[in-house]
Amino acid sequence: MVQETTFDNGVRVVTQQVPGMHTVSIGVWVSNGARCEQPSEHGTAHFIEHLLFKGTHRRTARQITREIDSLGGVLNAFTSYEYVCYYAKALARTLPQVVDILSDMFLHSTFPADEIEKERKVVLQEIKMRDDAPEESIHDRLHQSFWKGHPLGHPILGTDQIIGSITRDTILEFRNHWYRPSEILIAAAGGVEHHVLVELLQESFSCLQPGEPRRTLQPHGRLATGRVMELCERDLEQTLICLGTEGLPTSSPERYSLMVLNAILGGGMSSRLFEEIREKRGLAYSVYSYVSSFADAGTLSIYAGSERERSCEAVTIILEEMSRLRDEAVPQDELEAAREQIKGKILMSLESSDSYMSRLARSYLNFGRYQPLDEIMAGFDAVTAGDLQQLSARLFRDETLNIQVMGKVDPHCFAEKSGRITL
């Protein structure tokens, strides 16, 4: 059962009680993120995520972690381009203590100057760790290239220069502007009673003041046209390939078709790319595709790691499979298998309270309401082979094709074949 309450100041509380579940997961979601940052603020949303764990008027950073550990619980957070989430999972009977810890962190963090300096070093190390991980780095390069010149294109972690110099005043100004009641959604799922949670949250969250008007987010506009290919020489054993093209917004009516299309292309061990590149030709150990969607735009990306001499061949196969989806109807049995794969993964994910909580929150953030499972399953059942072919024809175009290559790159090979690496 899903229930919703909105406080007078705009804070929303949504719950989903799951019978027989002994745990509860609760998340405080703020509908902002890295996309909200100005150029001088890059990395601020993520930095704030770290700093909310560093002490309040009532608790030190050490006391926060010790209290949640003493409950056998988990406390964590993450930052994306469009929202930030602070969440906890623990036994349902400990909900009052968990809410007290999470509310105290979210509402009463003091941002001590010494903790900011210590955590600044931590974030700078996190940036270095990302850059030292080739597979993670190449995905970032693709994302930044694809969204070049737009807030969606800058790294969520920020840069050494900005994180190294950002001031406490800038951090507090950003937090005070974006962490307003109208942006806050509190979602809980598992062994939770709605009225109990609302009572626990009422005193602390209903007192928040609305604040100044929200800044206007920059729309994505039109994507830059023209195929992009970038080569990055690094001393790696493999040549890594990341290829991206246009996707769909989160709430697009065709989102079900896109997820099925992705499953067929590279979303599992039975996908076309896995079978053709790994199983038939042995070109790569890891090959897959994935979808990234935002409020008004999205991408579909493909990754593979191959030996230098055969990396061009891998790119060619990827583009051939994309073209085949555009030019040929998907057989019915393959379509049915992809549908059932996606539906099965969704159902299996709902064996934990944190999965329920996350799905509940994202449903409200993306669609403004709860999406029942039956509605989602019906969306996948309605996808046809014709839908997939039409969507492929619209998305798989040279004008939005972006290819990133990293490792022991043979520039002559890619230069020679670049004219033929097209959709």
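R394 is partly exposed, with a relative accessible area of 39% (buried means under 20%, exposed over 50%, partly exposed in between, with a 1.4 Å probe and protein chains only). This is a predicted model, in which local features need pLDDT of at least 70 and side-chain atom pairs count only at pLDDT 80 or more, while totals for chains, interfaces and linings use all residues. Residues are numbered from 1 along each chain as its sequence is written, and side-chain values use heavy atoms, with hydrogens and water left out.

**Salt bridges**

- The whole structure holds 28 salt bridges (a side-chain nitrogen of Lys or Arg within 4 Å of a carboxyl oxygen of Asp or Glu).
- R394 pairs with E254, with 2.6 Å between the closest N and O atoms.
- This pair links distant parts of the chain, 140 residues apart: R394 lies in helix 15 (385-395), and E254 in the loop between strand 8 (239-246) and helix 9 (255-266) (helices, H or I of at least four residues, and strands, E of at least two, are DSSP runs numbered from the N terminus).
- E254 is partly exposed at 28% relative accessibility.
- E375 and R369 form a salt bridge at 2.6 Å, N to O; E375 is partly exposed at 28%, and R369 is partly exposed at 37%.
- E279 bridges to R278 at 3.3 Å; E279 is exposed at 51%, whereas R278 is partly exposed at 27%.
- A network of salt bridges links R58, R59, E67, D100 and D104.

**Cysteines**

- The count of disulfides (pairs of cysteine sulfur atoms within 2.5 Å) is zero.
- C85 is in no disulfide, and the nearest cysteine sulfur, in C36, is 15 Å away; C85 is buried at 0% relative accessible area.
- The sulfur of C242 is too far for a bond because the closest cysteine sulfur, in C232, is 12 Å away.
- C242 is buried, with a relative accessible area of 0%.
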